Each structure stands twice: as structure tokens, then as C-alpha cells.
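Reader: I have a two-chain model open and would like to go through it with you. Could we begin with a strand and its partners, and then turn to the interface?

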Amino acid sequence: MAGGAQGSGVDTAANIFGKACGYGGLYVFGRREYHSNIKGLHSYFHLRISPKEILANVNDVDLLAAFDAETAVRHINEVVSEGGIIIGSRQMNTKVLDIPTLPPELKAEHVRFMKEKTVGETLNDWLNYAKQKNVHVFHVPYMKLLSQIGEKLGIQKISKITRMINVLTIGVSFALFKYDRNLAEKAVRDTFSEKPRIADMNVTALNHAYDYAEENFKNDFKRRLEKTAVNEERLFLTGNQAVAMGKVLGGCRVQTYYPITPAADESEYLEANQILKTGGEDEAIIVIQTEDEIAAVNSASGAALAGARAATSTSGPGFSLMAEGLSWAGNSEVPLVITYYQRGAPATGLPTRNGQADLRFAMHAGHGEFPRIILASGDIQECFYDSAKVFNLAEKYQMPVIHLLDKAMANCSQTYPIFDYGKFKIERGELLTEKDLEGKEYQRFRFTETGVSPRVVLGTKNGIHWYAGDEHNEIGHISEEPRNRRLMVEKRMKKLELVEKEVPFEDKLKFYGDTDSENIVVSWGSPKGAIIESLEKLKQEGFSIGFIQVRLVHPLPTEEVKKTLEGKKRIIDVEDNFSGQLGGIIKEQTGIAPNYHVLKYTGRPMTTTEVYEALKAILTEKASEREVLMFGA
Amino acid sequence: MGLKPSDFRVPQVYADWCPGCGDFGIMNGLQMAFAELGLEPHQIVMVSGIGCSGKEPHNVKAYGVHTLHGRTLPFAMGIKVANPRLEVLAIGGDGDGLGIGAGHFVNAGRKNLDMTYIIHNNGVYGLTKGQASPTLRLGIQTKALPKPNINEAVNSIGLAIISGFTFAARSYAYDVRHLKETIKKAIQHKGLAFIDCLQPCPTYNNITTKDWYSGEDRKDPTTGKPQSRLYKLEETGFDPNVRDWSEDFQKKIAAMDKAREWGDAIPIGVFYKNELEPTFQERISKRIPFYVDRPPAKQKLGDENGFSKVDLTKFMKGLKTS
């Protein structure tokens with residue numbers, strides 16, 4: 001884990017570290033936590049590394065690279081016995097309660113901790129406490145190292161290179177792990193590939209720190225990272241990046257957005273790469289930053305009517321503003337895609353933290369009854385493929401599709417074998433061209449058996465039609481006639497039956513573990529990884545338990561869910577919210593209620609450690625019906 | 001070829017505005033302008049908001065998108081960006097564009113999309129029975145208001161100019177010929193064009209009525225003829241055209257000065273016109289040279305078997321760990 005004040009290079013350090021591990025054939029899972037703040041408040045990156053695939057985070061920290069005293073204080077109890085803390089030598093006399101960025105409610109906890117464990121007031125006292133628990137503390141004289149590096153580089157002013165403290169910690173960390181320094185060097189060069197001079201400076205710093213640690217810390221630290229040979233190409237990427245790539249694959253050519261965490265990174269990544277190679281003529285995606293989310297959703301609808309595959313990306317507060325536009329799109333049968341990254345809510349909530357409390361809102365936002373599809377991805381790979389699939393769904397069924405994600409997936413990074421996207425097929429549904437229309441009377445909202453009326457994009461010759469937010473007749477003009485109204489409502493709503501019938505099973509539900517067992521977990525979204533890892537652990541201990549991941553959360557595949565849950569002894573609902581929203585929806589629609597809930601609403605994603613503990617407690621009858629998880633600083 | 005205004009009629013739709021409504025004049029002006037410009041219905045998209053003005057597209061044979069209250073411009077923007085070859089007109093009321101949609105109005109100016117925005121300006125919210133709109137002046141009490149208007153009016157022409165619209169004009173719903181010419185100029189303008197169309201509401205605005213504009217209350221004592229309160233800028237030698245950036249500021253000031261006039265001498269015509277400012281389309285084309293040839297709406301997404309043709313190598317390059 002690397003942590004420090006926001007703006008001190010924590011992310012860069014973690015990315016370099018993760019990359020270097022990736023180059024050595026290791027799998028990495030990274031969790032990024034940060035405050036809603038530009039500079040100064042605590043942020044950290046927790047990387048989990050293994051030769052085997054990793055799906056989630058755990059509670060334990062083997063090595064903590066603390067850029068500042070606050071990081072050591074906040075995470076000291078997460079470091080395991082025989083683990084290590086890397087800390088600057090100048091921090092030792094810092095009085096913990098004087099750290100200005102620690103909030104009062106946390107200081108109160110610290111006071112209790114100091115009293116209970118009889119720990120003194122300075123960081124040094126705290127580190128001594130850690131040492132008693134067999135934690136190694138590695139004091140690094142950053143300023144001294146920087147002045148030596150400055151000499152090597154011919155730079156007088158140390159203030160010009162203090163930014164490189166993050167790279168020094170990487171050097172020290174890799175030396176402690178006895179990891180191949182060439183891979184670290186490669187990762188540094190890769191990160192700064194567009195600035196060769198900066199890359200050189202950082203490589204010098206990296207090696208200097210590596211040498212220092214090798215010399216001074218000898219064999220104190222026993223944990224090792226070893227590279228392994230791999231014969232496949234892999235990616236290390238965030239959910240935001242996966243979504244952006246998936247959208248491009250799915251044919252998204254207009255993306256609108258208003259800046260909001262944690263969605264905006266995706267749009268920026270798209271804009272940076274907006275010219276697309278296609279094997280034939282180049283194409284491009286237009287990314288528009290609008291004045292607000294109202295403009296974002298409605299201009300995306302406009303673009304979709306004109307025939308472009310169009311999407312907008314947002315999180316809760318933005319989606320709130322989109323509600324009216326969503327209703328319009330539902331009424332006018334617009335193939336609109338909304339990528340919805342949930343974060344800690346309500347209101348501004350925890351703007352940079354995780355949450356899954358918007359499922360019911362995504363289902364019900366917008367006045368009136370109209371069909372929509374909500375597809376929830378559960379990991380970064382699903383983020384990629386689903387981001388492409390949602391455009392097919394939107395156009396085939398001519399309705400808004402909400403791709404429901406969360407901050408955990410947006411900002412976590414994970415290693416995957418390279419995505420095999422060549423088999424993705426664009427399905428535009430019933431789309432008529434000028435030729436199809438020749439000599440015919442076209443009706444945009446023609447009543448059909450399935451409810452889907454063949455679509456014509458704006459500007460097509462022979463296809464003049466109208467849209468109205470009002471109820472309308474088949475040609476699109478305003479109509480308030482009762483009979484037409486009834487037929488129109490039914491036409492729109494029955495498209496959902498088609499969705500339920502046609503969406504492939506693996507896009508509705510996914511089964512893991514022993515689903516024939518009497519114990520079953522139901523969940524959706526980012527808790528997936530921690531659940532799967534917990535199930536594996538429980539299986540090794542002889543417990544029988546299965547997991548159904550609900551992907552199509554709306555329309556809920558009621559019959560399939562019912563069939564799976566019927567007769568189970570323990571149905572355990574796992575979600576990052578207070579009320580167990582999916583559990584409630586399942587109860588409503590199948591009549592089967594989960595009898596246990598594992599819930600978390602601290603804004604930090606679930607770890608395998610805590611999910612495993614909660615599930616085990618439930619299976620051994622040691623838990624209450626409602627387990628609330630708390631881990632994470 | 002050579003369509004007539006009547007070819008842009010929609011016979012199956014009954015235009016349900018009140019008898020004598022200015023919206024009929026605007027409908028006629030649009031149909032005439034389209035015909036005279038040689039446009040075909042499928043080349044045009046009319047986007048409207050909510051209110052009586054929102055029904056305008058249903059009465060004109062062209063693609064019609066009747067949207068939400070205040071959101072006319074965002075929908076129009078999405079359509080225009082996706083397919084810049086379409087002739088896009090945004091149509092809205094004064095409440096729609098300058099009240100609930102004012103944020104979009106201001107921000108549309110920043111993009112300078114090559115399209116036209118026509119506001120039906122009658123000072124009232126007609127469809128909800130006559131409340132004060134953002135263009136009703138302070139202290140005026142139209143007949144449905146329980147008290148005189150407590151808010152000052154927004155100056156729509158002035159707001160358009162300082163927001164970045166590169167064409168700002170005013171016309172009058174009952175001077176269809178002037179309106180038609182103004183619409184033609186707006187459509188032909190390269191950039192975002194705004195028309196403030198004075199459009200008396202015969203039902204709810206009993207102050208700025210058709211008779212008031214035509215000056216029925218101030219007849220010439222010698223001839224007995226009404227003296228119109230409207231005068232044409234083009235007949236006064238007013239030159240709104242910016243031909244060089246060095247004269248832009250002065251032209252803006254002059255236009256703003258004219259925009260302040262109200263009461264017994266209300267200018268109609270073009271206040272400001274600047275084609276030097278790059279349009280949004282031109283700005284995108286600088287980044288994406290093939291934008292107009294292959295805009296988002298015209299891109300072929302799959303090969304003959306439907307497989308996506310896009311190559312993600314460039315995206316993946318920075319993410320590979322081998």
C-alpha cells in the first residue's frame with residue numbers, strides 16, 4: 001500500500017508499482033481511495049499482487065509506503081506481523097494529534113486507541129507499538145537521498161525534485177521485496193514515455209533508492225515478489241478505461257458529459273483517443289462537455305435520433321438531473337445509453353467513495369411508466385464487454401439502457417488476459433434506409449406485434465416523422481385519444497417481454513460456486529470479486545455455498561431467479577447499501593426474501609477478508625441477520 | 001424540384017393555436033423560407049420545446065422533434081453534432097429559452113453551432129394560462145396576472161450577443177414577409193443565429209397586442225393612419241455586419257444599444273452578424289479532418305457480417321503489461 005497527501009504522487013507510484021509487477025508476469029488488483037480534495041488530504045492505493053488471478057482486495061497490508069505521518073497513523077493496524085512500514089526519517093517526532101488533516105472524529109478514535117494500548121503521542125511511539133507486533137519499520141532519509149540524486153543530476157535546488165519521493169519509495173519497496181529492478185525501471189520509463197528527461201531523472205532516483213535499501217535494510221524483510229514467465233498478453237486497467245474502450249467497440253460515436261466524479265475520467269480518456277482506427281476508413285468519437293447533465297442527457301438523445309450511437313456518463317447527482325430527459329427518451333423510444341457510476345450518496349454524499357444505493361433510483365427515475373433496461377457489471381472485464389453490448393440492447397429494443405456501475409469498479413485496476421473483442425457483433429435492430437422507404441408511408445411508432453417499430457434516423461429521405469414528449473399517434477403527432485393512449489402504453493411496455501425473452505442467460509445471471517447448495521449468495525456489481533474469493537476459501541474449508549450474480553437487474557429475470565432461490569435454507573444478500581435494495585426487489589418480484597444481509601455503506605468497497613468472515617459467521621450460525629461491514633480507511 | 005410553401009404543410013394535423021395567434025405567422029414564415037431556400041423536408045429538423053411554440057414542428061412538413069421544456073437547444077445540439085449536414089432549427093418560447101432554458105441559451109453561444117434558434121416572444125406563458133414570462137417588463141400587468149410583474153425583463157438580443165451568438169435579429173409574426181426573409185438570413189448565416197420573434201398572444205397578452213404593435217392607439221392626426229411602433233433597422237442604414245475583427249466590439253456595442261430600444265420605436269431586422277468566428281463544426285474539423293464527410297451518424301459500425309471493425313490497439317498500448 002502506498003499512501004500520502006493528495007497531489008504527492010501516490011497514484012503515479014502505485015501505477016508504476018503495478019505495471020512493474022505486471023511486467024514480471026504477476027496479477028495485480030489495485031484499489032484507489034481519495035478524498036474530494038485537490039491537494040493535501042489523505043489518499044492511498046492498495047495493491048494486491050499474486051502469480052494467480054486476483055479479484056478483490058483484502059484487509060492485510062504487507063508493506064506500507066507512507067509518504068507522510070498521517071498514512072502511517074491511519075493504516076498502522078492493517079500492517080501484518082513481519083510486514084513493513086517505509087517512512088521518512090524526519091517524521092518521527094510528529095505528534096499524531098497535531099496532524100492538521102486528521103478530522104476530529106478520527107482524532108477521538110486515536111485518543112481512545114492511545115489510552116487503550118498505552119501508546120505515546122508521537123509517530124515514533126506509534127511505530128514502536130507496531131514494532132512490538134513484529135512490524136519492521138524502515139526509516140528512509142528522503143532529503144539526504146534527494147540531495148545525493150540532485151548532485152548526480154546536476155540539480156541544485158532539492159525543491160525541484162521533491163516530487164520524486166514517490167519513486168524513491170518504489171525503489172525502496174522493490175529492494176525490500178528483492179524484485180527485479182529492471183522491471184521497475186521499465187515501468188518508470190513507460191510511465192514517462194512522453195518525457196524522456198523526466199524518465200531519466202526518475203530512473204536515477206529509483207536506482208539510488210534501491211541501492212540505499214539493499215545496503216541498509218539487508219535481510220530484515222522476508223516477503224518476496226518473484227517474477228514468473230507468462231506466455232499471454234495482459235492488460236492492467238481501470239473500470240473507467242474498460243468502459244471507454246467498450247463503448248468504442250460498441251460503436252459509440254457521440255459521448256456527452258458534465259464533469260463529475262467518478263465518471264469524468266472515462267470521457268477524458270475517450271476524448272484523448274477520439275480518432276479511431278477501424279481497418280477501413282478512420283472514424284471518430286465526438287466527446288462533448290455540456291453545461292449540465294440536463295444538456296448531457298438530452299443532447300445524447302438528439303444524437304441518437306440522428307443515427308449516432310450515443311451515450312452519456314454520470315454518477316448519482318448528475319443522474320438526478322437527467323430524470324426528465326430519461327422519461328422523454330422512454331416515451332420517444334430513443335436508443336439512449338447512460339453509464340451510471342454510483343458513488344456514496346445521498347446528496348453530495350461521499351463523492352469519491354463507493355456505494356450501491358442507487359439501484360432503485362435507476363429503476364424508477366423519470367415520471368410515468370416506460371421501459372428501460374438496467375445492466376449491472378460486476379468486474380472490470382464485464383465493464384468492457386457490457387459497455388459494447390448496451391448499444392445493441394438500446395437499438396434493438398429502442399429504449400434507454402442504464403449501464404449501472406460503481407466507484408469501486410471505476411477506479412480499481414486489475415490485470416486481465418488481453419480482451420478478445422474481435423467477435424463482438426454490432427446489432428442495430430430494425431433500422432430502415434431511404435431505399436426501404438421508397439414509395440411507402442412511414443410511421444415511426446407503428447403498432448407491431450413485439451412493440452418494436454422499425455426505426456428511421458433523422459435526415460433519411462422518404463421517412464419524415466415526428467417525435468413528441470406528449471403522447472402521440474403512430475406517426476408521432478400529439479394524441480390524447482384514450483384508445484391510442486392505451487395501445488401506445490402497451491406497445492412500449494411490451495418491449496420488455498421481448499427483452500426478457502431475448503437477452504442471453506449469461507447477461508441476466510451468472511452462477512458461481514455450488515448453486516445446488518442450500519446456501520446461496522445473491523449480489524450485483526462490485527462485491528462480486530470479494531464474494532467469489534470468499535466462496536473459494538469457504539469451499540476449501542468444506543462449506544458448500546453458491547453465488548448468483550444478477551446482471552440484468554431490470555427487467556429482473558424473475559423466473560430464473562425464483563427457480564434458483566426456491567427451497568434454499570440461507571439466502572444471503574450482499575450489497576453496498578443500507579437497505580439491501582436488490583434483496584428487496586427480489587422479494588417483491590419473486591416472493592422469496594433473503595434471510596441474511598451483508599451490507600456496507602462506509603463508502604469503501606468490500607474486501608475478501610470481511611466478506612469471508614461474514615459469510616462464515618452466517619454459515620456457522622454465529623451471525624445476525626444483518627451483518628454490517630466496516631473495513632477500510 | 002422547386003417545392004412550394006404549401007408542400008411544407010401537414011394536412012393531417014389541425015393547428016390548435018388560438019384564432020389570431022402569431023404562431024400561424026411563424027409557421028407560414030418557416031414554410032415560405034424553406035421553399036425559397038430550395039430545401040427538402042427530409043433535410044430539415046425542427047426541434048421545439050414546450051408551450052404553444054412547441055407545436056410548431058407538427059405543422060411543418062420536416063423532421064420534427066418536440067422535446068422538453070427548456071431543452072430545445074441541447075437536443076438540437078446533439079442532432080447537429082451527430083449529423084452536421086442537417087439543417088437544424090430550434091424553436092421555443094420566451095419562457096422556454098430565457099427562463100427554464102436560460103443556461104442552455106448562454107452556453108449555446110459558446111459553441112456557435114451552425115443552426116438557427118427562433119424564440120416566440122409574447123411576454124406570457126400562454127399554455128399555462130398567462131403567467132409572466134422572462135420578456136415581460138417590470139410593472140406590466142397582463143390580464144391573467146393577479147399583480148403587476150415584479151421582475152424586470154431579460155433583453156434577449158443583448159443576451160444572445162454577449163453569449164456568443166454570431167447572428168442576432170428580431171422580426172414580427174404578423175410581418176410574414178419580413179419574418180421569412182429574416183429566417184432565410186438566419187439559416188444562411190454560418191454560425192449560431194438567433195431570431196427574437198415578436199408574437200402577440202391574443203388570449204393572454206392584452207398589453208403588447210397586434211394593435212399595440214401596429215399603433216392603432218396613435219393614429220396620425222392628419223392622415224388618420226396608425227403609426228406602427230416597429231421600424232426596420234435595414235431602412236435606417238444600420239449595418240450589423242462584422243467584416244473584420246477590429247470592428248467587432250463597436251458592432252456589438254451598436255447592436256446592444258439598439259437592443260435597448262422599446263416602447264414607441266422598436267427595431268426589427270438584423271442587429272449583429274459575424275461569420276469570422278469559427279463554428280463548432282469547424283472547430284471539430286480541426287481535430288478530426290474527416291468529421292463532415294463521416295460524422296457520427298454516418299459511420300459504418302460493422303463489417304458486412306456485423307462484426308465491429310474498430311481497432312483498439314491504440315487504447316490497449318498504454319495498458320499492456322507485456
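**Strand pairing and chain contacts**

Author: Strand β7 (residues 234-238) of chain A and β16(A) run antiparallel and are joined by five bridges. Please keep in mind that this is a predicted model.

Reader: Which residue stands opposite Tyr416(A) in β16(A)?

Author: That residue is Leu235(A).

Reader: And what does strand β2 (residues 27-33) of chain A pair with?

Author: Strand β2 of chain A pairs with β16(A) as well, in the antiparallel sense and over two bridges. There, Phe29(A) has Gln414(A) of β16(A) as its bridge partner.

Reader: Why is β16(A) described as largely enclosed by the rest of the structure?

Author: The strand covers residues 413-417 of chain A, and four of its five residues are buried, so β16(A) is largely enclosed by the rest of the structure.

Reader: On to the interface. How many residues of chain B are in contact with chain A?

Author: On the chain B side there are 62 residues, in contact with 79 residues of chain A. The two chains bury about 6,100 Å² between them, with 65% of it on carbon and sulfur atoms. Tyr63(B), Phe315(B) and Thr321(B) supply 13% of the area that chain B buries against chain A, more than any other three residues.

Reader: How many residue pairs are in polar contact between chain B and chain A?

Author: The count is 26 residue pairs. Elements giving two or more residues to the chain B side include β2 (63-66), α4 (102-111) and α10 (313-317) of chain B. The largest share comes from α2(B), with seven residues. By residue class, that side of chain B divides into 30 nonpolar, 20 polar and twelve charged.

Reader: In what sense do strand β17 of chain A and β2(B) pair?

Author: Strand β17 (residues 466-468) of chain A and β2(B) pair in the parallel sense, over three bridges. Within that pairing, Trp466(A) stands opposite Gly64(B) in β2(B).

Reader: How many salt bridges cross the interface of chain B and chain A?

Author: Three salt bridges are found across it. One of them links Lys320(B) with Glu233(A), with the closest N and O atoms 3.1 Å apart. Another salt bridge joins the side chains of Arg294(B) and Glu281(A), at 3.6 Å from N to O. Arg294(B) lies in the loop between α9 and α10 of chain B and Glu281(A) in the loop between β9 (275-276) and β10 (283-284) of chain A, so this pair joins two chains.

Reader: Is Glu281(A) buried or exposed?

Author: Glu281(A) is exposed, with a relative accessible area of 52%.

Reader: How many salt bridges are there over all chains?

Author: The count comes to 60. One example is the pair Glu266(A) and Lys247(A), at 2.7 Å from N to O. This pair links distant parts of the chain, with Glu266(A) in helix α10 (residues 264-272) and Lys247(A) in helix α9 (residues 239-249) of chain A, 19 residues apart. Glu266(A) is buried at 0% relative accessible area, and Lys247(A) is buried at 1%.

Reader: What about Asp257(B) and Arg260(B)?

Author: Their side chains meet in a salt bridge of 2.6 Å, N to O. Asp257(B) is partly exposed, with a relative accessible area of 44%, whereas Arg260(B) is exposed at 62%.

Reader: A change of topic: where is His178(B) found?

Author: His178(B) is found in helix α6 (residues 176-188) of chain B. At 7% relative accessibility, which is under the 20% cut-off, His178(B) counts as buried.

Reader: Finally, what is Val561(A) in contact with?

Author: Beyond its neighbours within four places in sequence, Val561(A) is in contact with Leu509(A), Leu556(A), Ile586(A) and Thr590(A). Val561(A) lies in helix α21 (residues 558-565) of chain A and is buried, with a relative accessible area of 0%.

Methods
Residues are numbered from 1 along each chain as its sequence is written. Chains are lettered from A and ligands numbered from 1 in the order in which they are written. This is a predicted model: local features need pLDDT of at least 70, side-chain atom pairs count only at pLDDT 80 or more; totals for chains, interfaces and linings use all residues. Side-chain values use heavy atoms; hydrogens and water are left out. Contact means heavy atoms within 4.5 Å. Buried area is the accessible area (1.4 Å probe) that two parts lose on being put together, summed over both. A salt bridge is a side-chain nitrogen of Lys or Arg within 4 Å of a carboxyl oxygen of Asp or Glu. A polar contact is a pair of N or O atoms within 3.5 Å; within protein, one must be able to donate a hydrogen and the other to accept it, and residues adjacent in sequence count only if both atoms are side-chain atoms. Ala, Val, Leu, Ile, Met, Phe, Trp, Tyr, Cys and Pro count as nonpolar, Asp, Glu, Lys and Arg as charged, and the others, Gly among them, as polar. Two strands pair if DSSP finds at least two bridges between them. Buried means under 20% relative accessible area, exposed over 50%, partly exposed in between (1.4 Å probe, protein chains only).
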